Amino acid sequence: MATLSENIHAALTNLLRGLQSPDNVERTAAEQQLNEEWFSQSPETLMMGLSEQIDFAPDSTTRTFAAVLFRRQSSKPRKNSNGQTADAFLTLNQPDREAIRGRLLQCLGKEQEASVRSKIGDAVAELARQHTDEGVAWPELLGALFQASQSNDAGQRETAFRIFSTTPGIIEKQHEDVVITAFKGGFADSSTSVRISAMEAFASFFRSIKKNAQSKYYSLIPEILNILPPIKDSQDGEVLTKALISLIDLAEVAPKMFKPLFNNLVQFSISVIQDKDLGDTPRQNALELMATFADCSPQMCRKDPNFTNDMVTQCLSLMTDVGIDDDDAEEWNDSEDLDQDESDSNHVAGEQCMDRLANKLGGSAILPPTFNWLPRMMTSSAWRDRHAALMAISAISEGCRELMVGELDKVLELVLPALRDPHPRVRWAGCNAVGQMSTDFAGTMQEKYHQVVLPNIIPVLESSEPRVQAHAAAALVNFCEEAEKEILAPYLDQLLNHLLMLLQSPKRFVQEQALSTIATVADSAEQAFSTYYNTLMPLLFNVLNEEQSKEYRLLRAKAMECATLIALAVGKERMGGDALSLVQLLGRIQNSVSEPDDPQASYLLHCWGRMCRVLGKEFVPFLAGVIPPLTELAAAKADIQLLDDEDQVAQVQEEEGWELVPVKGKILGIKTSTLDDKHMATELIVIYAQVLEEAFEPYVNDIMDKIALPGLAFFFHDPVRVACAKCVPALLTAYKKAHGPESIQLGQLWERTVERVLEVLSTEPAIDTLAEMYQCFYECLECIGKNSLTSTHMDTFIKSARSVLEDYQERVKERLNEQAENEDGEEINEDTLFAIEDDQTLLSDMNKAFHTIFKNMGTAFLPHWEQLMDFYKISATNQDPTQRQWAICIFDDVLEFCGPQSWTYNEQIMQPLVAGMQDDVPANRQAAAYGVGVAAHKGGEPWSDFAAASLPTLFQITQRPNARTDDDVFATENACASIAKVLHYNAGKVQNWQDVATAWVDTLPVTNDEEAAPHAYAFLAQLIEQQNPAVLSNPAKPFVAVVQALEAETLQGKIAQHVVAAVKALVQATNTNLAQVAASLTPEQQRTVQVYFS
């Protein structure tokens, strides 16, 4: 029975008709009426009316539309009686809410048409989400859904599981027995569509529960897997795809739950991949399921007897599914759409899967089965086999790098002949493999194999097929960008002659690629490119001067890129007058750009940045034309759209440059192309500020206030925030150069800046970006200098640091719990390793922030710093070496910048330093040894006994078996420098001073640590000047130690001159035969002797 009057329903019926009208004017008027009259003035009537329309409307179209409209209106934001914003339905009064909910459940139970019931289900699911998210009770819901899940009507049962799927929170808090019973019923249902809906609901539910509750549901896996074979036997590819997608969801969350039946699942999936009658989509989803297991549980995959062999075989088989109906590649050759989307092709799916298998399972698992096939495929008469083999090499080279790098000669023996293959697509694939290997084996490919790679690939630029020519040129980009200029020099003539030939190609895409390759060659060859300047630059000027039609815009953009990279390679002097001519030409092109899709606009931004680096301060007159379009992009707001229905979502998905984010039952569309431009523009601003310094001053205030500081909290795009974190200190530095470090102007800018920078230290959500924010903070502090923080600032810093450290400890705890659950031999997954790395970076940048505050604020920071003492204590004794290092480094800063006052904390500092000097982790020994040296140098009388007592332990660091290996050498050299500091600053406290000094000479040289070297060698010079027996008894030892440091460049400047003069005097005083001593040195060290001592 209807609650509302017939008049209201008549008005509502007219509204619904208007909203569905094909007439734009009528529809717009109805939308205005809906928003301004119904929703704003009487939402209770609107939603009650819609629920009654769903119930009583005679035609299914009206019932469907009423359900859709109800769902959208119920979730619109509206103020409740307390003035807080909430979903509109939850702002209605209690009796209306109860009546509407009851009616919707009643409609759900009685609706006979499947399409209408589906939309009513969506409306119920939306209300369920609102109630679950806000913790509002809806007592009748669960009973109604459980009842529906056991209805005689299959449609009812399916709808119940669909609602569970979209809103799993409804059942999260139920006892597992109830949940298991409901799902078991669904998995065993007589209707396939119900079984699939139950699978989807279970996957959604399982994703939503806490990790420690997951194991209770592992027992359901056999019943889930039993659903699959009958679907495959029925050859229903669409339904099988849905089932596989649910399994993919489960495999991502808890791959271990499949362990008892994993081999059965592998064999089933392989059988699906092999079955060509099923269609490509289910086959690719079966492949994706197996790849997901490789991503999430590589150990389980490696242990399975079939997984690796069968997967490699199937991937290679899919990769031969290429160029169907185009055997001679005529169609492929004629196509100029090089970016054609083939992401749904079998061969691309196979390539991507091979890449993932190699990266996750590693070379030892993937190489044997792959190379069991590749030699046979490379000699096959079928071109598709040869093409697949080459693409497989491209796909696995990154993941198998460690094992393949030693066998590159054998791999190249397979690949390089393919560059002369009769079939163009095989030659294209050969170029692809060379390009990929040039990146994945960067350094080795260029240094060891240039003499076989370049002579083989350069002739491919002469191919008769434009696509092969372009791909060979693209492969040369990969090779050349990783090559040293000395390697490229002998090939430049041959390379550039061929590339100039490609510039004459009738195909524009070949010309564009040739320009990109020339630009890369110039970038790598640097000054050696000068020889070709006179040939190339006039050609590029011609391209840029020509008035060309729309289709030539990308070619001009590439020509600009090439010209400016050549300018950067050869420098301002070589360019002469061309430098200013090029800048003026770029200005003319910029004025001609009028359409938003013109590629020249984004290329221009980078070109201006390069010319600024070429011209330096001479670029200033051009800033007025360059900065406005750049700041317009950098100041862009996020383009965000709320997508209400599936049609809008589908429309946005078809457009490039959008990211879809689910938020509270809705979909947000974020235009990422705008954000990418914003990020790039901000990065370019940083370059201008760094290059132009004080000349950039006119733009600093505006950019700081409108772009850089607001951008620190631009939460739609992490890279934008990172770029802004780099921009803030660059702007401060430019302003400081213009106005001076003590100026009022700099003080005012810093006052506005410091508040915002401190604020983001406690609001930044991403760990890796938070590290960048700490870096931004300490770089700003370095710029502003002494006394740059008030007591309030330091207090704010400590509060945010406390919050960050608490969150960090929580993450560490969670990781330890996860590792405890891992089985023997199961490695830590990649995501966890990345998370650990991000946390280590964060701690390191926090350390530098503490260091910089102490450096600039000294003892004024101590009362704030000591509030976190509990964290330092816990970290100093932690099992995690990163945390121990973090604590020791902070204690080092207290010693270094607070001098004798640091003795107040001696009980907290001493033990970590003592333990640190004996730590098995070299970085911790280094930090502790450094700390003892600082205590001796800066700690005064209070620390002198401790410093002297640490000498035996410092010597032990220098005497470890691996003391001079790469990992340990910094600890050793810090110990050497610290012993010197103790002997110099605390001489009165050292017993047997002479014996210790003599022993110390044997701890030299210091050839790696540039901070430690000056202290050690200054003390050595002091011993020589005192004519101390420690150096007089064996003058060759100090002489060699000094030569080693000079050659390594750890000893430089005035201190080097002082030490060299002292050693010369020592050599003279002791009549040391330098030629005899130098004979034992390396040729480089002998040259150093000639430079400094001849």
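Trainee: How many residue pairs are in polar contact between domain 1 and domain 2?
Mentor: Seven, with both residues at pLDDT 80 or more. A polar contact is a pair of N or O atoms within 3.5 Å; within protein, one must be able to donate a hydrogen and the other to accept it, and residues adjacent in sequence count only if both atoms are side-chain atoms. This is a predicted model: local features need pLDDT of at least 70, side-chain atom pairs count only at pLDDT 80 or more, and totals for chains, interfaces and linings use all residues. Residues are numbered from 1 along each chain as its sequence is written, and side-chain values use heavy atoms, with hydrogens and water left out.

Trainee: Which helices supply at least two residues of that side of domain 1?
Mentor: Helix 29 (492-502) and helix 30 (508-525). Helix 30 gives the most, nine residues. Helices here are DSSP runs (H or I, at least four residues), numbered from the N terminus.

Trainee: How do the residues on that side divide into nonpolar, polar and charged?
Mentor: Ten nonpolar, three polar and five charged. Ala, Val, Leu, Ile, Met, Phe, Trp, Tyr, Cys and Pro count as nonpolar, Asp, Glu, Lys and Arg as charged, and the others, Gly among them, as polar.

Trainee: And what area is buried between domain 1 and domain 2?
Mentor: About 1700 Å², with 69% from carbon and sulfur atoms. Arg508, Leu515 and Phe529 supply 34% of what domain 1 buries against domain 2, more than any other three residues. Buried area is the accessible area (1.4 Å probe) that two parts lose on being put together, summed over both.

Trainee: Take Glu52. What does Glu52 form a salt bridge with?
Mentor: Arg103, with the closest N and O atoms 3.6 Å apart. Glu52 lies in helix 3 (residues 43-56) and Arg103 in helix 5 (residues 94-110), so the pair ties together parts 51 residues apart in sequence.

Trainee: New topic. How many aromatic pairs in the whole structure?
Mentor: The search finds 40. Take Trp903 and Trp943: their ring centres are 4.9 Å apart and the planes sit at 85°, so the pair is edge-to-face. Rings of Phe, Tyr and Trp (its six-membered ring) pair if their centres lie within 6.5 Å; planes under 30 degrees apart count as stacked, over 60 as edge-to-face and the rest as tilted.

Trainee: Backbone next. Is the Leu1004 to Pro1005 peptide bond cis or trans?
Mentor: Cis, with omega near 10°. Pro1005 is in the loop between helix 53 (993-1001) and helix 54 (1012-1025).

Trainee: And what is phi of Glu526?
Mentor: Near 55°, a positive value in a residue other than glycine. Glu526 is in the loop between helix 30 and helix 31 (533-545).

Technical notes: Salt bridge = Lys/Arg side-chain N within 4 Å of Asp/Glu carboxyl O.
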